[in-house]
Amino acid sequence: MGESMRQQPTDVLTDLHQSSPAIASAAWHSLFWLVFANAIGVLIATLLLLPGLSRGLGEWTYGRWIIVHLNLELYGWSSLPMAGFLFKVYGADRGPAAQWCRPVLWVWSSALGVGTLSWLSGHSTGKLFLDWSGYARILFPLAMTALWLLLVFSLIQNWNRIDNASFGVRTAKLVGLVLLLCVPILIYIAASPGIYPPVNPDTGGPTGASQLESSLVIVAVLLMLPFGLTRRKAGQSRKIALSWVIFAVECALCIALGRHNISHHRPAQYLSLGSLLIWIPLTPIYYAAFAWNSNTRRWRYAFFGWWAALLLTGWVLFLPGILDHFKFTDGLVGHSLLSMAGFVSSLLIFVLVQLLGEGGWIFNKTWSFYLWNSAVVAYVVLMTIAGWREGFDPTFSMTSGMARDTLYVLRLIVGTLMSIASLDWLLDASALLRESSHVSISPSIAQERIA
């Protein structure tokens, strides 16, 4: 039996229920856009090596494909697993609301399809991740609103099932709905060309305060996430309380730093950002206070590892001298991929495996797990080398040469390997989706699939 099977105790498999069709559908839609966006990434990497191929693409040039690639990774792959998470939190994956989960997911994916055609046709605001314009700018917020309406309907249906003593749970869900309603409204407003320009001359680039602020938002998500996924272990209140106290202290520090255009050479800027390093050991300690399905172990550890790498490298790259050398180079491209393909993707898969229960076998094949993560490591190393060279010679990435072309060929190869791993997950998700709609997946079948 394969290594991954040894990570799936039989008692856990027999205790789990059939994967919810709604959650399985959310996983399928997420992986569809991951595969599509990865395929575009391979195309982009090819165009960087062979720019002459652009002549055969007409108006669908590199500049348009990169917009599609980035937006589909964010609004497709990175967002739809959270739709599955919300299905679970609000009980939409069961009961009367469950029949509407798939239509809502198709509305979301259809809006992304319209957005893709819009961006390829040259319609864009020019704002990174806020490229929605024309019909797409209306349709995507409407798709998000459709999800919100489903959650409202589900909460109403399940209101009496919530323990009457759980005033905090009801309050949290109501507050969550209010905050979620703000998202499509803010996206529609922020995408307006009249709100602020794509390149804002009033900002001087990232500061320690701004980086700390955005990082603390991620920390807040990590702290809240377990409460919607699982239960707290007995006797772990102190660990949880300590983490929240440290988070509150760092929020106070962030507020004290203010929002000014201050050089990253100021010690207060890079030292305050360094305070985030405490979350390298603290995050695994915090997550150990909750009960997790044993089949999440592999991706949970991957998420911890990538989170540690992101915090450490993010701080090092911000240090005086290092940021000056890597700024606007492929080195930051590598760090962005570490963030999205490493940390964010491992976190999303961890969430999906927990949500899917025994259906999480689709992500636990040994070969695809190591193929994805090793390819991400290789990509980051390659782009760090390219960025280091580019820091000495800004023309390094612009002109063809032996060193540059070798790095870019290797990048194309590792990007292709990542696409293969994601395609395997999609194919297995398709099988899971079919079976979750008809029959329960028995523990013996799950054991065979992940072996």
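# Briefing: an all-residue overview of the helical model

Phenylalanine 328 is exposed, at 73% relative accessibility (exposed means over 50% relative accessible area, buried under 20% and partly exposed in between, with a 1.4 Å probe and protein chains only). The model is predicted, so local features need pLDDT of at least 70 and side-chain atom pairs count only at pLDDT 80 or more, while totals for chains, interfaces and linings use all residues. Residues are numbered from 1 along each chain as its sequence is written, and side-chain values use heavy atoms, with hydrogens and water left out.

**Overall make-up**

- The protein chain has 17 helices and 0 strands (DSSP runs numbered from the N terminus, with helices being H or I of at least four residues and strands being E of at least two).
- Of the 451 residues in the protein chain, 50% are buried.
- Among contacts in the protein chain with a separation of 6 or more, 84% join residues 24 or more positions apart (contact means heavy atoms within 4.5 Å).

**Helices H2 and H4**

- Helix H2 covers residues 21-49 and helix H4 covers residues 80-89; the two pack at an angle of about 170°, and their axes are 8 Å apart (axes are lines fitted to C-alpha atoms, for helices over the stretch in contact, and angles run from 0 to 180 degrees between N-to-C directions).
- This makes H2 roughly antiparallel to H4 (angles over 145 degrees count as roughly antiparallel, under 35 as roughly parallel, 65 to 115 as roughly perpendicular and the rest as oblique).
- H2 contributes Ala22, Ile23, Ala26, His29, Ser30 and Trp33 to the contact, and H4 contributes Leu80, Pro81, Gly84, Phe87 and Lys88.
- By class, the residues in the contact of H2 with H4 are 7 nonpolar, 3 polar and 1 charged (Ala, Val, Leu, Ile, Met, Phe, Trp, Tyr, Cys and Pro count as nonpolar, Asp, Glu, Lys and Arg as charged, and the others, Gly among them, as polar).
- H4 is largely enclosed by the rest of the structure, because 7 of its 10 residues are buried.
- Those buried residues of H4 are Leu80, Pro81, Ala83, Gly84, Phe85, Leu86 and Phe87.
- Glycine 91 follows H4 and has a positive phi, near 75°.

- Serine 109 belongs to helix H5, residues 101-120, and is buried at a relative accessible area of 8%.
- Not counting residues up to four places away in sequence, serine 109 touches His29, Trp33 and Leu80.
- With tryptophan 33, serine 109 makes a side-chain to side-chain polar contact at 2.9 Å (a polar contact is a pair of N or O atoms within 3.5 Å; within protein, one must be able to donate a hydrogen and the other to accept it, and residues adjacent in sequence count only if both atoms are side-chain atoms).
- Serine 272 sits in helix H10, residues 267-274, and is buried, with a relative accessible area of 6%.
- The side chain of serine 272 reaches the backbone oxygen of glutamine 269 at 2.9 Å.
- Leu212, Leu253, Leu257 and Pro267 are touched by serine 272, residues up to four places away in sequence not being counted.

**Cysteines**

- The whole structure contains 0 disulfides (a disulfide is a pair of cysteine sulfur atoms within 2.5 Å).
- The sulfur of cysteine 251 has its closest cysteine sulfur in cysteine 254, 7.1 Å away and too far for a bond.
- Cysteine 251 is partly exposed, at 24% relative accessibility, whereas cysteine 101 is buried at a relative accessible area of 0%.

**Positive phi at two phenylalanines**

- Most residues other than glycine have a negative phi.
- Phenylalanine 129 has a positive phi near 65°; phenylalanine 129 lies in the loop between H5 and helix H6 (134-158) and is partly exposed at 30% relative accessibility.
- Phenylalanine 328 has a positive phi near 65°, and its place is in the loop between helix H13 (322-326) and helix H14 (330-356).

**Pairs separated along the chain**

- Threonine 296 is in the loop between helix H11 (279-287) and helix H12 (297-318), and at 0% relative accessibility threonine 296 is buried.
- Threonine 296 is in contact with Phe350, Val353 and Gln354, leaving aside its neighbours within four places in sequence.
- Arginine 434, in helix H16 (residues 402-436), is exposed at a relative accessible area of 55%.
- Arginine 434 and serine 25 are 409 residues apart along the chain, and their C-alpha atoms are separated by 9.4 Å.
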